[in-house]
Structures are given as structure tokens and as C-alpha cells.
Amino acid sequence: DSVRLIAGDIYGEYALTEQTATFNKLLVPVVPTQIIRIGLNYRHHAAESGAATPEYPIVFFKGLNTLQNPNDPVVLPAYLPSEQVDYGCELAVVIGKACKNATRETALEFVLGYTAGNNISARDWQIKRGGSQWCRGKSFDTFCPLGPCLVTQGQFNRRARNLCWLI
């Protein structure tokens, strides 16, 4: 398999070149400095888990140890075994520059792009054995497969505009 190389800085100015490179393994499309998730962020999931829809977002962190390449296996914990491992496909929003006090109107200015994320959870450790903290049940090694590709904000906007023309 081959890919086209990018010149420049993906977080700033960049351009797709005509140069190609071969690869043997798909890696995560970005290496985050932190992984922040929002829990129970849609009513259906809250209802299926028997939880009330929260008034404010439930924010939790996953450790960087959870990051996993797209085609690599999720390894279930052996020392702290779980009988209730679950998964959830999610849209991962990649923040590309320092962001503080963003408003609803300015929030997308900080988005580099989007990728697929899989939020693996050991529900027994999340709910019963985690001391009311979600992090323990969600932060086992390999519990955050990410990728395989990153769609930049610009690519997303162009594709969305093209889709409008197709409709």
C-alpha cells in the first residue's frame, strides 16, 4: 500500500505532494496529548444504559496508554478482569491549536479535523468497581482505537459543500 506525502505542518500550512511512500502498518492518524471524552451525550445511549440524560456534559479522560492503532487488537485486562467489556463507535474531534474560552460561534476555528474513535469500556469497572469514576473502566491499555484516517476541517467543509450540490 502507498500514501501521498504531505509537505509542511498538518497543524498549520501544508500541501499534498506528488511523492508517495509505502507503509506496512496503519498507525493512529494523530498522537494526542490528551484524550477528553463526553459521556451520555445522546439521549438514546442514556436511555439504554438506564441513566438520566445529564443536565451538563459528563466529561472524563482516557489515559494516553489507551491509544491503539486502527487494525491492532484490543487487549482485555488480565490482572483486573472484566466480564462487561463494551464498545462505542464515536466521532473523534481533533483540536489543532490552543483553545481556551471558545464560544459556540468560534469553536470550529480550533478543529483540525475528524477521525473515528472506538470508546472501549469495562462497564463493571466503570460503574461498580471504579469508585464512581469512569476513568478506571475506560483507561485500560488499548481501550481507544483511533483512525484510520484524519479528515481535516477544510476537507470536511469541501465535501459537505459538494454533497449539497449533489442533493
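Phe 60 is buried, with a relative accessible area of 4%; buried means under 20%, exposed over 50% and partly exposed in between, with a 1.4 Å probe and protein chains only. The model is predicted, so local features need pLDDT of at least 70 and side-chain atom pairs pLDDT 80 or more, while totals for chains, interfaces and linings use all residues. Residues are numbered from 1 along each chain as its sequence is written, and side-chain values use heavy atoms, without hydrogens and water.

Two aromatic pairs are found in the whole structure. Rings of Phe, Tyr and Trp (its six-membered ring) pair if their centres lie within 6.5 Å; planes under 30 degrees apart count as stacked, over 60 as edge-to-face and the rest as tilted. The rings of Phe 60 and Trp 134 have centres 5.4 Å apart and planes at 55 degrees, so this pair is tilted. Because Phe 60 lies in strand E4 and Trp 134 in the loop between helix H2 (123–128) and helix H3 (135–138), the pair ties together parts 74 residues apart in sequence. Helices (H or I, at least four residues) and strands (E, at least two) are DSSP runs, numbered from the N terminus. Trp 134 is partly exposed, at 21% relative accessibility. For Phe 140 and Phe 143, the centres are 5.4 Å apart and the planes at 65 degrees, so that pair is edge-to-face. Both Phe 140 and Phe 143 are buried.

The largest nonpolar core has 10 residues, including Val 28, Ala 92 and Leu 146. A second, separate core of five residues includes Phe 140 and Phe 143. Such a core is a set of buried Ala, Val, Leu, Ile, Met, Phe, Trp, Tyr and Cys residues joined through side-chain atoms within 4.5 Å.
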